[in-house]
Amino acid sequence: MKIKILMVGGKRCGKTTTLASMTQQANDAFGGKMALTQSMQVIDSLNSAVAGLNAYFANVSSQSFFTPDDNPSAGIEKYNFSLNIIGKGKTGIEFEFTDIHGEAYQLGNPDNDSAKSLIEESNVLIIAIDTPYMMEDKDSFGYGAQHAARNKSIEITEFIKSKFRTDSKNNKLKEHLVLFVPLKCEHYYYQGRMAEVAETVKQAYAELITYFASPNLKDNCVLAITPILSVGGIEFHSFKYGYKIRKGGSYTPKYCEQPLLYTMTYYLKMLVNQNYKGDLFTKVKHFFVGATVTEADIKDAFSQVTPKLIKDKAEGYMILQDSLGI
């Protein structure tokens with residue numbers, strides 16, 4: 001079984017770095033019961049992003065500024081992971097993360113057709129948001145004046161709306177988990193403004209959220225806001241200077257595991273509605289290939305996930321639409 005996760009967002013909003021932090025923190029959150037493993041190629045690609053940040057922090061002072069690279073990603077990149085139960089070997093559950101660069105939503109771009117196919121094939125859609133561009137210099141619409149241009153919110157909204165259509169085989173829309181994930185939230189976290197971040201997401205993506213709430217979509221799409229601190233030791237200063245290194249700052253991301261934990265919880269809840277016999281964990285076992293994995297092993301492993309799911313609005317988390325009871 002492969003869970004396909006598609007990440008969309010503006011150029012260089014930090015998706016690749018976030019993915020590296022997400023897998024690392026998810027393994028910490030599993031409490032030694034489960035682990036994500038990946039190929040050496042994926043390890044090298046993601047770790048290089050983290051190594052670059054660690055090296056940067058090792059050579060700067062608290063008076064230094066961090067300026068993200070604005071060059072767009074080269075193309076569509078895929079990262080594959082396998083979910084293991086510690087001591088039991090590989091399972092049959094795999095995650096495929098696909099990172100679409102910010103220009104792929106534009107008509108005429110060579111990757112536009114590929115991106116359209118990917119969104120139809122996906123199970124989970126992560127909308128990555130460069131938070132300072134959404135929060136700073138708010139206009140009469142209630143979000144940042146540069147948000148639409150930098151986060152490609154209009155293009156992404158139209159792109160998603162054009163591809164969410166009825167599944168001809170089952171005559172219903174394929175189920176999706178849609179996560180709005182504000183990145184680089186450090187400044188607002190340290191100021192205690194994470195609830196404001198969540199409310200601003202609702203304003204900035206109101207058209208898309210309303211679309212998902214339409215009668216033909218609301219029972220098939222679960223929506224949530226799951227912000228993260230992409231780096232930890234930095235804080236937004238200004239668009240002119242970028243991000244200021246906090247005193248004693250280091251690469252200490254926070255909440256990066258939450259999108260993956262939401263994904264796992266969503267998928268387990270969705271399995272309840274499928275036509276398999278037995279209780280939830282018997283159903284999950286159908287997707288595990290290891291002969292040594294028992295129902296007790298699965299139940300024990302997944303019990304680490306749900307209690308660590310954050311739903312606190314004060315921390316910027318908000319479930320907007322939930323037909324599964326996450």
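Is Tyr-255 buried or exposed? Tyr-255 is buried, with a relative accessible area of 7%; buried means under 20% relative accessible area, exposed over 50%, and partly exposed in between, using a 1.4 Å probe and protein chains only.

Okay, quick housekeeping. This is a predicted model, where local features need pLDDT of at least 70, side-chain atom pairs count only at pLDDT 80 or more, and totals for chains, interfaces and linings use all residues. Residues are numbered from 1 along each chain as its sequence is written, and side-chain values use heavy atoms, leaving out hydrogens and water.

Back to our tyrosine. The rings of Tyr-255 and Tyr-317 have centres 5.8 Å apart and planes at 80 degrees, so they're edge-to-face. The rule for rings of Phe, Tyr and Trp (its six-membered ring) is centres within 6.5 Å, with planes under 30 degrees apart called stacked, over 60 edge-to-face, and the rest tilted. Tyr-317 is buried too, at 0% relative accessibility. These partners sit 62 residues apart in the chain. Ring pairs also tie Tyr-255 and Tyr-317 into a cluster with Tyr-189, Tyr-190 and Tyr-262.

Now for helix H10, residues 258-272. Helices here are DSSP runs of H or I with at least four residues, strands are E runs of at least two, and both are numbered from the N terminus. Of the 15 residues in H10, 13 are buried.

Last stop, the overall picture: the protein has 12 helices and 13 strands, and 52% of its 326 residues count as buried.

Key: The expected span of a helix is 1.5 Å times one less than its number of residues.
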